[in-house]
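Subject: Structure handover

Hello,

Here is the structure you are taking over. Please open it beside this email as you read.

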Amino acid sequence: MDGRTGRDEPDAGRGTPAVVVDVDGLDRMIRGLARAGYRVVGPVARDGAVVLDDVDGVADLPAGVGDEQDAGRYRLTGVAGGALFAHTVGPHSARRFLSPPRRTLWSAARDGDGFTVDGPAADDPPVALVGVRGCDLAAIAVQDRVRQRSPHPDPACASARARAFVVAVDCARPASTCFCTSTGTGPAAGPGHDLALTELTDAHGHRFVVRVGSDRGAAALAGVPWRPATAADLDAAARVVGDAAGRITRRLDPARARDVLAAAPEHPHWDDVARRCLSCANCTLVCPTCFCTAVEDVTDLAGGHASRVERWDSCFTLDHSYLHGGAVRGSTRSRYRQWLTHKLSTWWDQFGETGCVGCGRCIAWCPAGIDLVAEVAAIAGAPGESGP
Amino acid sequence: MAERVATATAGSPTRALAGRTFPARYRVATRRAETPDVVTLDLEPLDDPIPPPRPGQFVMLYPFGTGEAAISVSGLGDGGTLQHTIRAVGATTRALCALGRGAVVGVRGPFGSDWGVGSPDLDGLDVVVVAGGLGIAPLRPAVHALLGRPRSGRLSVLVGARSPADLCFADELGRWRRRADLHVAVTVDAAAPGWDGSVGLVTDLLAAAPFDPRRTVALVCGPEVMMRLAARGLEAAGVAPERIRCSLERNMHCAVVRCGHCQLGPLFVCADGPVLPWATVAPLLAVREL
């Protein structure tokens with residue numbers, strides 16, 4: 001790029017000058033991560049959505065693919081300029097790779113009149129997540145704090161998280177469902193990344209301003225052609241993020257939501273939501289911070305071997321609150337109230353922060369188009385905090 | 001197999017997790033039928049025993065291939081022996097109740113808060129133990145601990161059961177009745193031929209129990225409705241809600257604040273509980289389906 005190749009790693013840390021790489025440089029970086037032993041996961045357009053899956057290089061990324069999102073609506077669109085990160089967030093998040101939807105915790109095998117216990121298989125290869133948005137970067141940190149609340153944190157998840165490499169991307173085209181400016185999690189990628197990119201597609205070419213967040217991030221740039229970012233690059237990057245922030249109109253005050261919901265367990269509006277909510281659990285499955293799981297025994301046909309398999313669970317299922325005699329939360333009203341009150345209110349009591357990162361997934365992927373921002377506003381009695 | 005957790009040797013990275021993240025194996029040494037559907041198992045460690053549970057804590061019991069169930073500790077023996085008193089109500093508890101002598105069961109634990117009976121804070125205070133049904137199980141080791149060391153306060157044990165046949169630890173209750181340092185009263189909802197004791201609610205037994213409400217700690221366990229009545233009765237008698245400790249039951253599925261199933265408002269009952277002050281839980285239990 002411009003005939004210059006970065007032969008040394010840029011230094012990591014505060015005040016590190018940003019560098020610029022082009023599309024080929026990003027491709028080399030992705031391939032370098034794979035060579036270093038990472039399973040590289042990034043956005044891929046498939047089945048009408050941008051999902052997260054294995055990527056070999058930039059050719060797998062969704063060039064020129066954007067999305068339109070609204071309550072109960074998600075559509076892919078074409079975006080001029082061929083940007084690789086013109087989309088926002090799809091149904092998947094980092095959670096899918098750091099605490100997978102299904103995994104074996106331990107297993108037992110019959111042994112005479114008893115049994116023996118085996119630990120899990122060896123660690124999977126570390127994952128490198130490419131294209132993580134500010135909201136999802138914050139969600140990774142939220143889930144870290146959830147994990148740390150356990151008196152016995154899961155060793156496999158802790159290991160996967162500690163070894164994960166994160167390439168964040170600033171959001172340039174927020175969706176109408178986004179409200180990261182309210183939660184303080186975007187549209188710029190905050191701390192917690194190894195590398196953070198701002199994608200530029202202006203007259204000066206398709207390129208990425210790269211901020212280095214860690215020594216590992218700096219190491220990943222070794223062998224990638226780069227040049228120091230100019231003032232013009234940095235100005236262009238700041239404009240991308242500033243324009244994106246300006247287009248976000250949905251508002252939720254997390255501190256106010258905490259108080260509103262803490263005071264409203266018997267609010268009549270829960271009945272109104274319950275008439276629309278299908279108890280389908282979509283919101284909990286797309287949420288990047290939801291952490292509920294269930295563990296079930298999977299036995300072989302002969303009954304000689306049993307695995308304890310953990311899978312994602314949802315507070316919208318009846319089994320979630322099951323006690324002998326029935327579920328504690330038998331009604332949809334009580335289950336929706338549990339989800340929203342936990343996410344926005346009791347999460348503060350448990351973890352010292354809100355459980356919402358403002359990604360808007362639960363709004364877009366709700367088949368009934370239930371909008372948590374609007375529901376909080378209705379319970380607060382405000383005329384509507386969403387919209388301009 | 002080197003990687004087998006249960007037989008791991010010192011220095012194995014998984015050794016520290018045995019009994020917490022993975023089960024330690026125990027053998028059923030004794031099985032006693034308490035009532036037609038309640039069984040007490042004495043478990044002896046085959047692997048390194050779990051740390052000694054404090055009265056009120058619970059463990060996760062794993063009968064091979066069936067799942068785990070949260071079961072309170074109903075007694076502690078020598079050499080790491082655990083006692084559990086289990087009612088067959090679901091697939092896992094049925095499998096546990098069906099275990100015979102010599103059978104192997106997995107144990108993770110101990111988990112959760114305890115009655116606090118080991119604390120010197122209780123010295124000089126009267127203690128009122130109120131148990132409904134199987135609620136006697138987690139309270140029994142608390143009574144053992146309180147009887148096991150000199151105290152200056154009085155101790156009352158009030159026990160309610162559906163019927164005389166549903167009374168757990170009946171022999172032991174008989175022995176406790178004969179002790180001078182213990183007030184024991186038992187009542188049933190419905191009497192049967194041969195029953196010459198009280199009939200009525202366990203809260204009716206509060207009136208005759210010797211305690212100074214201003215200097216009393218109450219330990220309460222039983223069905224939620226019974227705990228509500230007991231707390232109301234204790235409060236009416238003048239016991240502060242902060243000093244009424246009750247043991248809650250929720251879906252303790254993982255026991256280590258991961259699965260989210262046992263939440264009650266802001267609480268993770270598996271770690272914040274199961275033993276909690278009535279002052280904390282009363283406003284939460286007052287909300288239906290919380």
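Below are the findings, taken by chain and then by contact.

This is a predicted model: local features need pLDDT of at least 70, side-chain atom pairs count only at pLDDT 80 or more, and totals for chains, interfaces and linings use all residues. Residues are numbered from 1 along each chain as its sequence is written, while chains are lettered from A and ligands numbered from 1 in the order in which they are written.

Chain A: domains

The domain assignment of chain A gives domain 1 (19-247) and domain 2 (254-380). Such bounds come from an automatic or database domain assignment. Between these two domains, the contact takes 39 residues from domain 1 of chain A and 35 residues from domain 2 of chain A. Two residues are in contact if their C-beta atoms, placed from the backbone, lie within 7 Å. On the domain 1 side, β4 (65-70), β5 (73-78), β6 (102-111), α3 (134-149) and α5 of chain A each supply at least two residues. That side of domain 1 of chain A has 19 nonpolar, 11 polar and 9 charged residues. For these classes, Ala, Val, Leu, Ile, Met, Phe, Trp, Tyr, Cys and Pro count as nonpolar, Asp, Glu, Lys and Arg as charged, and the others, Gly among them, as polar. The C-alpha centres of the two domains of chain A lie 25 Å apart.

Chain A: sheet and helices

Helices (H or I, at least four residues) and strands (E, at least two) are DSSP runs, numbered from the N terminus. Two strands pair if DSSP finds at least two bridges between them.

Chain A has an open sheet of 8 strands with mixed pairing, in the order β3-β2-β8-β9-β10-β11-β1-β12. β3 (49-54) and β12 (227-228) of chain A stand at the edges with a single partner strand each, so one side of each has no neighbour in the sheet.

Inside the sheet, β8 (127-132) and β9 (165-169) of chain A run parallel, joined by 4 bridges. There, V130(A) has V167(A) as its bridge partner.

β10(A) and β11(A) pair in the antiparallel sense over 8 bridges. A hairpin of 2 residues joins them. T201(A) stands opposite H206(A) in this pair. On its other pairing, β11(A) is joined to β1(A) by 4 bridges, and the two run antiparallel. V21(A) stands opposite F208(A) here. Of the 8 residues of β11(A), 6 are buried, so the strand is largely enclosed by the rest of the structure. A residue is buried if 20 or more other C-beta atoms lie within 10 Å of its own, exposed if 12 or fewer, and partly exposed in between.

Helix α7 (231-247) of chain A lies across β1 (19-22), β10 (195-202) and β11 (205-212) of chain A, and runs at about 95° to β10(A). Axes are lines fitted to C-alpha atoms, for helices over the stretch in contact, and angles run from 0 to 180 degrees between N-to-C directions.

In helix α8 (254-262) of chain A, the buried residues include P254(A), A257(A) and R258(A). The buried residues of α8(A) pack against α5 (180-183), α11 (332-351) and α13 (372-380) of chain A.

Chain B

The domain assignment of chain B gives domain 1 (15-111) and domain 2 (120-247). Their contact takes 13 residues from domain 1 of chain B and 12 residues from domain 2 of chain B.

An open sheet of 7 strands in chain B has the order β4-β3-β7-β1-β2-β6-β5, with antiparallel pairing. Its edge strands are β4 (69-72) and β5 of chain B, and each pairs on one side only.

β8 (126-132) of chain B has 7 of its 7 residues buried, so it is largely enclosed by the rest of the structure. β8(B) runs parallel to β12 (216-221) of chain B, with 6 bridges. It also runs parallel to β9 (155-161) of chain B, with 6 bridges.

Between the chains

The contact takes 40 residues from chain B and 43 residues from chain A. The chain B side divides into 17 nonpolar, 15 polar and 8 charged residues.

The largest nonpolar core has 207 residues, and L129(A), V129(B) and L158(B) have the most contacts inside it. Such a core is a set of buried Ala, Val, Leu, Ile, Met, Phe, Trp, Tyr and Cys residues joined through C-beta atoms within 7 Å.

Best wishes
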